[in-house]
Amino acid sequence: MERFEHSKDREAANAARARALEALLIEKGVITNETVDKIMAIFATEMGPFNGAKLVAKAWIDPDFKTLLAEDTMAAVEKMNFVTKGAGAEGEHMKAAINTPEVHNLIICTLCSCYPWPILGLPPYWYKDPSFRARAAREPRKVLSEFGLDIDPSKEIKTWDSSAQIRWFVVPERPAGTDGFSEEQLASLVTPESMMGVAVVKPPGT
């Protein structure tokens, strides 16, 4: 998503900063190469939007699980055996906002970039952009339209502000044309953007 102003060379510049910081920390003995490799492996295999997609797919198929997810999110997450312990507030205090035909949910963090890492991975650049954070709180319908998502005027938009106390994520509505789909097939349709509320899950083949 490139909806907000940013330096054209931000990827290269940030990568260079990360490499320099990593090299300095290794040189000072604060971390080792093995530490970095372990963290990267965790985000590649244990924490990320693939977990959120599994949660959403299960909620679509299992009404009891969906109710649990809405009422006691962490209990539902723990049933999936995702890595959350030791992730700090990013993973130990999460809450799901369930989209319905009447309500569309959007997550933001007005203070910084609080985000449910175990479910969604690391936040994208635009989520941390001060313009997005401020405008999404003030004029969410207009911001969503800039993402290409036009919410019907009759549908309410609720904005949930993540913080050090709680991290929010969205359970999008199940798309039409998915009757008979397995959980794995449903999970393949779910995108990180739909679990942030800036997109919906599109029907298969669209």
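Author: Let's start with a term: a salt bridge is a side-chain nitrogen of Lys or Arg within 4 Å of a carboxyl oxygen of Asp or Glu. Before we use it, note that this is a predicted model, where local features need pLDDT of at least 70, side-chain atom pairs count only at pLDDT 80 or more, and totals for chains, interfaces and linings use all residues. Residues are numbered from 1 along each chain as its sequence is written, and side-chain values use heavy atoms, leaving out hydrogens and water.

Reader: Why can side chains pair like this?

Author: Side chains of opposite charge can pair when their charged atoms come close. Here, Arg138 and Glu139 form such a bridge, at 4.0 Å from N to O.

Reader: How many salt bridges does a search of the whole structure find?

Author: It finds 4. Among them, Arg135 meets Glu139 at 2.7 Å, N to O, and Arg135 also meets Glu146 at 2.7 Å, N to O.

Reader: Which residues are linked in a network of salt bridges?

Author: Arg135, Arg138, Glu139 and Glu146.

Reader: Is Arg135 buried or exposed?

Author: Buried means under 20% relative accessible area, exposed over 50%, and partly exposed in between (1.4 Å probe, protein chains only). Arg135, at 16%, is buried, while Arg138, at 58%, is exposed. Glu139 is partly exposed at 23%, and Glu146 is partly exposed at 30%.
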